[in-house]
Amino acid sequence: MRAQVLICPTITLKAYGHLYCAPRRLHRYGSSSPSQFLNLNLSRFSGRLLTSFFSMFQSGAGSSGKKAMVENLKRYGVISSKRVAQVMEDLDRGLFVPAGSSAYVDTPVPIGYNATISAPHMHATCLQLLEDKLQPGMRALDVGSGTGYLTGCFALMVGAEGRVVGVDHIPELVDMSIKNIEKSVAASLLKKGYLSLHVGDGRKGWQEFAPYDAIHVGAAASEIPQPLLDQLKPGGRMVIPLGTYFQELKVIDKSEDGSIKAHTETSVRYVPLTSRDEQLGGF
Ligand code: SAH
C-alpha cells in the first residue's frame with residue numbers, strides 16, 4: 001500500500017475510512033476544496049484502486065495505456081462484461097481528457113467549469129450497471145455529459161439502431177464534447193444523428209427522445225428529479241448519485257407496471273447536479 005501511495009501523482013486523502021486520491025491541480029479557474037472534484041467509488045475499490053493506480057501509472061500512453069487501463073479494471077473486478085471492456089478499449093479516453101493530463105490513470109481529471117471527467121472505474125461501474133439497457137437499438141440519456149466520454153460509450157453500445165442523448169448545462173463543455181466525439185470512433189454516429197449532445201438543464205431530462213431504456217446521471221442530486229423518472233421507460237434503469245456530502249450511487253429500476261425499485265450500489269463522491277450559476281460560482 002505504501003509503495004502505491006508514493007507513486008500516485010495525486011494528493012492522498014482519508015475519508016470514510018478509506019484512502020483515495022484526488023488530482024493535485026484541482027481546478028484551473030479558482031480555488032475549491034478537494035472534495036468537490038472527486039468522482040470516486042469510495043467504498044468498494046479503495047484498496048484495489050490504489051493497486052491499479054500503480055500499474056496504470058506505469059502503463060504507457062496511447063493504445064497500450066488504454067489496454068492496460070481496461071486490463072486492470074478487469075483484474076480488480078470492476079469490469080466483468082466483454083462489451084464494457086470492448087467499448088472502453090474502442091473509445092480512447094485520451095481524446096477526452098485535457099491535453100497533458102493522465103488519460104489512463106484511475107482518477108478523475110478536472111475539465112474546467114468546476115467539473116471533472118469521472119475516473120475510469122466509475123465509468124466502468126456505470127457501464128456495467130447499465131449494460132442490459134444498452135443493447136443494440138435501445139435509447140439512453142446521459143445527464144451531465146461533460147466530456148462526452150460516457151455518452152460516446154453508450155452510442156457505440158446501442159449502435160445505429162439506437163439513440164443516445166447527452167445533456168450538459170455548460171455550453172463550452174457541450175462544444176468540447178462534440179469536438180471530442182468527432183475525433184473518436186463514435187464520430188459517424190454523431191454525424192448521422194444517432195448521438196446528439198445538447199445544452200440544457202439535465203434535471204429536466206430530454207423529452208424529445210423519451211422514454212429511455214437507460215438514464216445515467218453524472219452529477220449528484222439531492223433527490224431524483226421527477227422528469228427523469230417520468231422519462232425512464234418501463235423496464236428501464238437509471239443510475240444516479242444521490243446526496244450532498246455523503247453520496248450513494250443509486251440504481252433505480254422501473255418495472256413494466258411503472259413501479260419503482262431502488263438499491264444502493266456503493267458510496268461515491270460526485271460534483272453536484274445543480275444550476276449553472278451555482279456551479280460556476282464554485283458551489
Ligand atoms: N460524466 C461526465 C462529467 C461528469 S462531471 C464525464 O465523465 O465527462 C458532472 C457534469 O454535470 C459537469 O459537466 C456539469 O457541468 C454537469 N451538470 C451539473 N449540473 C447539471 C445540470 N443541472 N444540468 C446539466 N448538466 C449538469
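## Ligand site and buried helices

Pro 120, His 121, Met 122, His 123, Ala 124, Thr 125, Cys 126, Leu 127, Leu 129 and Leu 130 are the buried residues of helix 5. (Buried means under 20% relative accessible area, exposed over 50%, and partly exposed in between, using a 1.4 Å probe and protein chains only.) This is a predicted model, where local features need pLDDT of at least 70 and side-chain atom pairs count only at pLDDT 80 or more, while totals for chains, interfaces and linings use all residues. Residues are numbered from 1 along each chain as its sequence is written, and side-chain values use heavy atoms, with hydrogens and water left out.

**Around the ligand**

- There are 24 residues around the ligand, and the ones that come nearest are His 123, Thr 147, Asp 168, Gly 202 and Thr 274. Being near a molecule or strand takes a heavy atom within 4 Å of it.
- Sorted by class, that shell holds 13 polar residues, eight nonpolar ones and three charged ones. For the bookkeeping, Ala, Val, Leu, Ile, Met, Phe, Trp, Tyr, Cys and Pro are nonpolar, Asp, Glu, Lys and Arg are charged, and the others, Gly among them, are polar.
- Strand 5, residues 115-117, gives the most to the shell, with three residues. Helices (H or I, at least four residues) and strands (E, at least two) are DSSP runs, numbered from the N terminus.

**Backbone atoms facing the ligand**

- Gly 202 puts a backbone N or O atom 2.8 Å from a nitrogen atom of the ligand.
- Ser 118 has a backbone N or O atom 3.0 Å from a ligand oxygen atom.
- At Gly 144, a polar backbone atom is 3.3 Å from a nitrogen atom of the ligand.

**Buried polar side chains**

- His 169 is in the loop between strand 7 (163-168) and helix 7 (171-182), and it counts as buried at 11% relative accessibility.
- The His 169 side chain makes a polar contact with the side chain of Gln 279 at 2.7 Å. A polar contact is a pair of N or O atoms within 3.5 Å; within protein, one must be able to donate a hydrogen and the other to accept it, and residues adjacent in sequence count only if both atoms are side-chain atoms.
- Asn 180 belongs to helix 7 and is buried, with a relative accessible area of 5%. Its side chain reaches the backbone oxygen of Thr 147 at 3.1 Å, and Thr 147 is one of the residues that come nearest to the ligand.

**Enclosed helices**

- Ten of the eleven residues of helix 5 (residues 120-130) are buried, so this helix is largely enclosed by the rest of the structure.
- Helix 6 (residues 149-158) has nine of its ten residues buried, so it is also largely enclosed by the rest of the structure.
- The buried set in helix 6 is Tyr 149, Leu 150, Thr 151, Gly 152, Cys 153, Phe 154, Ala 155, Met 157 and Val 158.
- Leu 150 has 3% relative accessibility. Its C-alpha atom is 9.0 Å from that of Gly 166, which is 16 residues away along the chain.
- After helix 6 comes Gly 159, with a positive phi near 70°.

- Tyr 113 and Asn 114 both lie in the loop between strand 4 (109-112) and strand 5.
- Tyr 113 is not a glycine, yet its phi is positive at about 60°; this residue is partly exposed, with a relative accessible area of 22%.
- Asn 114 is not a glycine either and has a positive phi of about 60°, but Asn 114 counts as buried at 5% relative accessibility.
- Ala 210 and Pro 211 are joined by a cis peptide bond, with omega about 5°. Pro 211 lies in the loop between strand 8 (195-199) and strand 9.
- Tyr 212 is in strand 9 (residues 212-217) and counts as buried at 0% relative accessibility.
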